[in-house]
Amino acid sequence: MAKQENEIQTRDWPDAHIHFFADFAEYFACSKPASPFFSSSPAPLFLNAATEEDWQLLQKVAVAERVKPFFGIHPWSIKDLRNGWEERLAGILKSIPHSGIGEIGLDWSKPSIQGPELRQRQREVFSRQLALAAEFNRPVSIHCVRAWDAIWELTQNFPAKKNLAIIFHAFSGSPEMVSEILLKKRWNAFFSLAVFQARPESDKWRRLLRSIPTERLLLESDAETAKEAASLENLYQTAAEILKISRDELKDSVLRNLNVVWESLASS
Ligand SMILES: [Zn+2]
């Protein structure tokens, strides 16, 4: 039993961006009824859909207190879209008032979705999801690869009542970009650093980490496997060492920031 509790603790890290994977429920659930997955764990999981298939599963697990569901279409999935997706997405957002929009965005790098037509399609799908975010006042989780100018341009048309919380997931820009983005008043931006990008030995990565204000910093696994989900703990450890704070302090501050994003929903 002691071992099991210990194991649970290691999984209890706030995660600003995670996906479903084959053994997702198994990984987070345990046999006890008060498992950390199904009880009100203090460690939220911002669980992101990438395709419409994910929406079904996500609706099922959204009942778990620690799951904060983000429904959306990933730019890599635009070719698989079926007619009526927008209405179906709006329907889910209405039926689950506590849900965000993600993972959405623009990717000017992945070869299979480039070319004028596909980039235009990416822009359309992204814009429509932004419009839903504005309409329902939901936080968004954004995937942006070499498309900053386009993201900025499209978010200018937000008819939002207030600035929406935007998580730049797997952020890999420079410290200068962090400053620039924070000056953009229309973006209530949060920067999420991902396990797969962590390079503690690289000066560039350490500078980026230090440049993000504490109240804007998030950490994520971006996991698609149980192994990746587990490695989030290492990122907390590494980042805490570089920031010269304790791992628990870092955990508390990421938790606070995730709550700020989530509570922006409650106040809408
Ligand atoms: Zn992702």
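The legends below describe close-up views of a predicted model.

Local features are taken from residues with pLDDT of at least 70 and side-chain atom pairs count only at pLDDT 80 or more, while totals for chains, interfaces and linings use all residues. Residue numbers start from 1 along each chain as its sequence is written.

**View 1. The whole chain and its confidence.** The protein has 11 helices and 8 strands; helices (H or I, at least four residues) and strands (E, at least two) are DSSP runs, numbered from the N terminus. The mean pLDDT, the predictor's confidence in each residue from 0 to 100, is 89, and 88% of the residues reach 70 or more. Over residues 1-8 pLDDT stays under 50, and the model has 3 contacts beyond four places in sequence for this segment. Two residues are in contact if their C-beta atoms, placed from the backbone, lie within 7 Å. Where pLDDT is low, the predicted coordinates should not be read in detail.

View 2. The 8 strands are ordered β1-β2-β3-β4-β5-β6-β7-β8, with parallel pairing. The edge strands, each pairing on one side only, are β1 (15-18) and β8. From one strand to the next the twist averages 30 degrees; axes are lines fitted to C-alpha atoms, for helices over the stretch in contact, and angles run from 0 to 180 degrees between N-to-C directions. Two strands pair if DSSP finds at least two bridges between them.

**View 3. Strands β7 and β8.** Strand β7 (residues 188-194) runs parallel to β8 and is joined to it by 4 bridges. Together with helix α8 (residues 203-211), these strands make a right-handed β-α-β unit: with the strands pointing away from the viewer, the path from the first strand over the helix to the second runs clockwise. In a regular strand the side chains alternate between the two faces of the sheet. In β8 (residues 217-220) both faces are covered, with L217 and L219 buried on one side and L218 and E220 buried on the other. A residue is buried if 20 or more other C-beta atoms lie within 10 Å of its own, exposed if 12 or fewer, and partly exposed in between, with C-beta atoms placed from the backbone.

**View 4. F191 in the nonpolar core.** The largest nonpolar core has 56 residues, of which F191 and L218 touch the most other members. Such a core is a set of buried Ala, Val, Leu, Ile, Met, Phe, Trp, Tyr and Cys residues joined through C-beta atoms within 7 Å. Leaving aside neighbours within four places in sequence, F191 is in contact with F168, F171, V178, I212, R216, L217 and L218. L217 is also the bridge partner of F191 in β8.

**View 5. Backbone exceptions.** Most residues other than glycine have a negative phi, and most peptide bonds are trans. A cis peptide bond, with omega about -5 degrees, joins G102 and E103; E103 is in strand β4 (residues 100-107). R146, in the loop between β5 (140-145) and α6, has a positive phi near 55 degrees. R146 counts as exposed because it has 11 C-beta neighbours inside 10 Å. D222, in the loop between β8 and α9 (226-230), has a positive phi near 50 degrees. D222 has 23 C-beta neighbours inside 10 Å and therefore counts as buried.
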